[in-house]
Amino acid sequence: MAISLCTTLSPNTLQLNSCSNHRSTRALPNQSPHRNLRFSLHSSNHWNKTIQFTPRRGLVVASAISESPGIESSGLVGEGSANLLDTVKVFDLNGNAIPISDLWKDRKAVVAFARHFGCVLCRKRADYLASKKDLMEASGVALVLIGPGSVDQARAFSEQTKFKGEVYADPSHSSYEAFRFVSGVSTTFTPKAGLKIIQSYMEGYRQDWNLSFEKDTVSRGGWQQGGIIVAGPGKSNISYIHKDKEAGDDPNIEDILKACCS
């Protein structure tokens, strides 16, 4: 299968062309990153679609950090965020609501937060973590992935990727807001992220454009970044947190293993 992918980045425009199975997708923002953005999508199958994104305001955090001290002593997750986590619920693949802290209340877990369920870089990260699942299991550590989207999107991701860990949906993005993961156009379309997308496509990973452009992803702008935590046992015991500063900002896997399995 012939694949071509190119990105053009400038202060006012971004172009991303992907060709797979004779399809191409192009995204061209025509406004300031701080305003509504209108994207035109074109396919060789003779369809055109224009989608307007509205980036979320007030939730952009300017920095990303990887550290491993505990939540209460580190200040990486403030008291307000810790309290907010008590109210956050995610949904399993059967649609059952679960308090997020229950995922690590009685066990240690590596919890990855995806950008969205269609994201090609998140699919690569899922494999990146799953490659160490045997080591995690040997240490009694669970592997969990949470995505901002619907239960149906989570099921599609699980079926497509055959991810070896547990998958949960966060339709309200409340866990992302509690951890204050970064969000914004400038954190999504960066030269480094563009290169990582090219590398991912060359390695055989694919973006799911249907999931990427479903209503609940589009309505939130699609600019959400994620992160990885190591937590538990105990609701307030978060021993490691990495906040992606841009798309594809993977931490060193050895740092994660040191936090969860040493």
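1. Two rings of Phe, Tyr or Trp (for Trp, the six-membered ring) are said to pair if their centres lie within 6.5 Å. In this predicted model, such ring pairs link Phe113, Tyr176, Phe179 and Phe181 into a cluster, and the structure as a whole holds seven aromatic pairs.

2. A pair of aromatic rings is described by the distance of the centres and the angle of the planes. For Phe113 and Phe181 the centres are 5.0 Å apart and the planes stand at 50°, so this pair is tilted. Phe113 belongs to strand E9 (residues 108–113), while Phe181 sits in the loop between helix H6 (174–179) and helix H7 (185–188), and the pair therefore ties together parts that are 68 residues apart in sequence.

3. Phe181 also pairs with Tyr176: here the ring centres are 5.8 Å apart and the planes are at 70°, which makes the pair edge-to-face, because an angle over 60 degrees counts as such.

4. Arg125 lies in helix H3 (residues 120–130), and at 6% relative accessibility Arg125 counts as buried.

Key. Residues are numbered from 1 along each chain as its sequence is written. This is a predicted model: local features need pLDDT of at least 70, side-chain atom pairs count only at pLDDT 80 or more; totals for chains, interfaces and linings use all residues. Side-chain values use heavy atoms; hydrogens and water are left out. Rings of Phe, Tyr and Trp (its six-membered ring) pair if their centres lie within 6.5 Å; planes under 30 degrees apart count as stacked, over 60 as edge-to-face and the rest as tilted. Helices (H or I, at least four residues) and strands (E, at least two) are DSSP runs, numbered from the N terminus. Buried means under 20% relative accessible area, exposed over 50%, partly exposed in between (1.4 Å probe, protein chains only).
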